[in-house]
Amino acid sequence: MKKVITYGTFDLFHDGHRRLLERAKKLGDYLIVGITTENYDESRGKLNVQQGLMERIESVKASGIADKIIIEEYEGQKINDIQKYNIDVFAIGSDWVGKFDYIKEYCTVVYLERTKGISSTQIRTKNNGILKLGIIGYGRIANRFIRESKYVSGVNIEGVFGGNIKSLKEFAEKHELAFFETDFNKFLNKIDAIYVASPHLTHYAYAKSALENGKHVLCEKPMVLSGKQAKELYSLSKSKKCILLEAIKTAYSPGFIRLISVAKSGLIGEIKNIDATFTKLVEGDCRELQANMGGGSVTELASYPLLAIIKILGTDIEKIEFYSYFDNYHNVDVFTKINMKYNTAIATAKVGLGVKSEGDLIIGGTKGYIYVPAPWWKTEYFEIRYEDFSNNKKQYYKFEGDGLRYELAEFIYMINNRCDQTYKLTQMESYKINSIIEQFLGGNATERI
Ligand code: C2G
């Protein structure tokens, strides 16, 4: 008897899952299905699983395809199961190509083509279905986003929109998407929500048009380059009962959220100073340095340090000054220091595309300070430090993958629970960040060196 094994979460059991199991079964005579526990999913960084283990087991059982169901509880279990059950074939969807090649030492490994697109007729209930998401843009961040999306339950990336057919086709094939589209209205008709990962200056028009058509929008940072436009989009999203979320990934990551609550808890006394730095050297004629594409250090990077400062000190900024070093060739700021004065505190954000600095975050209080080493925007670790260093405390958190999964999980949570904002990034905070970028671009408060 030829024995086949496959594994998965099987949350909100859908046609993609059923087809995978059917084809896995055909590879042999007996199919074992391993279903992940909540703990295991958490440990492998899978977010937003909506059903409990028992419910997921029931769905797989109800499909009638599995001969035996087991639960998958820990890293490394697959090899043990293969040996224990004398497995001949390990099958898994093609979204994992390469990942399980190490199993070839124990049995045959087959990657089965994943089901592209989950049509709405397969959705169980409207509220609790799989969100159909379309991506605008096919650059680096869009690639990373798709890789991360497989760690978020309840969403399927259906298609991609853009202007260049050849690039779109390649992107759609590479990521096994159901479609690519150059006509924006046709694109919108095929999906429930969009992720905007195109160049900054195009965000506003895409987001606006999608919201007008009743689609939810997850928009890369900076969402727009102006406070006025941010306000307009948030009010449009409200009237259309759609979710609009600015994708500043740090805001949604567990370590950063904990950092903010520790900072605000009084553990370091009253906060009087924040220094937040993010530099990323780029070369050549890349988009980040093109003035006509909204390039420059502030537009590219300032959302992160401004997020940290605004989350802790608030949106009531009394005075703001920018000091910049402009690259004469591109005429964009390749380094900017933003000084912010609050009623009871001061803060500095430093960003650079052409000047390097230590990318750390220091939150200074009257009793001690919090030190977050680079890269603080992928918050995994921070230290609470005091004059008497025997009282120092270290805190560690997980920051999975590229972190993009956290913003996607938040977006889906907001859609499913119909909340237009959460404490992780309020509309007011996002508005303020976009307003500061606008103020910089206005040039009045900027001194050049
Ligand atoms: N699948 C598919 N088509 C889809 C969605 C999923 O073929 N549109 C496949 C996946 O490739 C996987 C199975 O269905 O083989 C279960 O998918 P998930 O429930 O998302 O579980 P996953 O995170 O892929 O589990 O140990 C766990 C496994 O390593 C992976």
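This is a predicted model: local features need pLDDT of at least 70, side-chain atom pairs count only at pLDDT 80 or more; totals for chains, interfaces and linings use all residues.

Me: Why is the pair of Phe 278 and Tyr 304 called tilted?
Reply: The ring centres of Phe 278 and Tyr 304 are 5.1 Å apart and the planes stand at 45 degrees.

Me: Why is the pair of Phe 278 and Trp 377 called stacked?
Reply: The distance is 3.7 Å centre to centre, with 10 degrees between the planes. Planes under 30 degrees apart count as stacked. Trp 377 lies in the loop between strand E17 (368–372) and strand E18 (381–386), whereas Phe 278 lies in strand E12, so this pair ties together parts that are 99 residues apart in sequence.

Me: How do you know whether Phe 278 and Trp 377 are buried or exposed?
Reply: Buried means under 20% relative accessible area. Phe 278 has 7% relative accessibility and therefore counts as buried. Trp 377, at 10% relative accessibility, also counts as buried.

Me: What makes Lys 150 a charge over the ring of Trp 96?
Reply: The charged end of Lys 150 sits over that ring, 4.3 Å from its centre. The distance cut-off is 6 Å, and the charge must also be within 35 degrees of the ring normal. Trp 96 is itself part of one aromatic cluster, with Tyr 7, Phe 90, Phe 100, Tyr 102 and Tyr 151.

Me: Why is Pro 222 called buried, and which residues does Pro 222 contact?
Reply: Pro 222 has 0% relative accessibility, so Pro 222 counts as buried. Pro 222 lies in the loop between strand E10 (216–220) and helix H9 (227–239). Beyond its neighbours within four places in sequence, its contacts include His 200, Glu 246, Asn 434 and Ile 437. The C-alpha atoms of Pro 222 and Ile 437 are separated by 8.4 Å, although these residues are 215 residues apart along the chain.

Me: Which members of the largest nonpolar core touch the most other members?
Reply: Met 340, Ile 363, Ile 370 and Phe 411 do so, in a core of 89 residues. Another core, of 23 residues, lies apart from it and includes Ala 207 and Met 223.

Conventions:
Residues are numbered from 1 along each chain as its sequence is written. Side-chain values use heavy atoms; hydrogens and water are left out. A nonpolar core is a set of buried Ala, Val, Leu, Ile, Met, Phe, Trp, Tyr and Cys residues joined through side-chain atoms within 4.5 Å. Buried means under 20% relative accessible area, exposed over 50%, partly exposed in between (1.4 Å probe, protein chains only). Rings of Phe, Tyr and Trp (its six-membered ring) pair if their centres lie within 6.5 Å; planes under 30 degrees apart count as stacked, over 60 as edge-to-face and the rest as tilted. Helices (H or I, at least four residues) and strands (E, at least two) are DSSP runs, numbered from the N terminus. Contact means heavy atoms within 4.5 Å.
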